[in-house]
Amino acid sequence: MRPWRTAAYVAGAVAAFELLLLLLIGGGKLVGFVSDRVEVAAQKHALAPTTTHARQVAQRKAPVPVAKRPRHKTVVLVLNGNGRTGAAAAAAARVHARGYRIGAVTNAPREVPRSIVMYRPGFAGEGTRLGRDLRVKLVTPLDGMRARDLGRSQLVFILGP
């Protein structure tokens, strides 16, 4: 190979390396600039006053359902959803101590990640009250169960870990 060709290849490689280095530095600066602009825009949006309609919607909360039946006339099905032997019986004793009637005590078909109170249609107030009494935050309509599976119970308490 001729010496001038080798020199040309070396000079081209050095130039390509410098170009790559300049692109990396420029790209980093561009990303920093864009992220700063996005952060400023997000702060402006967060501090912007809400519209009147949005404020009214935020102030309007769903009414908390009110229990229509007394505790001693509300029947609860207690299910063990944590797999520990005897946990459902202990939970049923806690429910009964609050004044509720116990429909049945048995194991849940599967384990649950947290305790749940479910209610039959028309018993949202009673379900909310039982959740409050037992300090269970997840209160929901029947999910994964049919009303006919409850027997005479209006509420279901599934005990989690």
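1. Which residues form a nonpolar patch on the surface? Leu30, Phe33, Val34 and Val38 do so, with about 380 Å² of accessible area together. Patches are made of residues with over 30% relative accessible area and no salt bridge; nonpolar side chains (Val, Leu, Ile, Met, Phe, Trp, Tyr) are joined within 5 Å, and like charges within 9 Å. Valine 38 belongs to helix H1 (residues 3-47) and is exposed, with a relative accessible area of 53%. In general, an α-helix has 3.6 residues a turn, so residues three or four places apart point the same way.

2. On the basis of the note: this is a predicted model, in which local features need pLDDT of at least 70 and side-chain atom pairs count only at pLDDT 80 or more, while totals for chains, interfaces and linings use all residues. Residues are numbered from 1 along each chain as its sequence is written, and side-chain values use heavy atoms, with hydrogens and water left out.

3. The secondary structure comprises four helices and five strands, in the sequence order α-α-β-α-β-β-α-β-β. Helices (H or I, at least four residues) and strands (E, at least two) are DSSP runs, numbered from the N terminus.

4. Of the 161 residues in the protein, 27% are buried. Buried means under 20% relative accessible area, exposed over 50%, and partly exposed in between (1.4 Å probe, protein chains only). The protein exposes about 11600 Å², of which carbon and sulfur atoms supply 61%; accessible areas come from the Shrake-Rupley method with a 1.4 Å probe, and for residues only the protein chains shown count as cover. Among contacts (heavy atoms within 4.5 Å) with a separation of 6 or more, 76% are between residues 24 or more positions apart.

5. Helix H4 (residues 124-134) is mostly covered, eight of its 11 residues being buried. Its buried residues are Gly125, Glu126, Gly127, Arg129, Leu130, Gly131, Asp133 and Leu134. They pack against strand S1 (75-80), helix H3 (87-97), strand S3 (116-119), strand S4 (139-141) and strand S5 (155-159). Just after H4, arginine 135 adopts a positive phi of about 60°.

6. The structure holds one salt bridge, defined as a side-chain nitrogen of Lys or Arg within 4 Å of a carboxyl oxygen of Asp or Glu. It joins the side chains of arginine 71 and aspartate 133 (2.8 Å, N to O). The pair links distant parts of the chain, 62 residues apart: arginine 71 is in the loop between helix H2 (52-59) and S1, and aspartate 133 is in helix H4. Arginine 71 is partly exposed, with a relative accessible area of 31%, whereas aspartate 133 counts as buried at 12% relative accessibility.

7. A patch of positive charge on the surface gathers Arg69, Lys73, Arg101 and Arg152. Lys and Arg count as positive and Asp and Glu as negative, while His and the chain ends are not counted; the place of a charge is taken as NZ of Lys, CZ of Arg, CG of Asp or CD of Glu.

8. Within that patch, arginine 101 lies in strand S2 (residues 101-107) and is partly exposed, with a relative accessible area of 39%. Leaving aside neighbours within four places in sequence, arginine 101 is in contact with Arg71, His72, Thr74, Val75, Val76 and Arg152. Threonine 74 is 27 residues from arginine 101 in sequence and 6.0 Å away in space, C-alpha to C-alpha.
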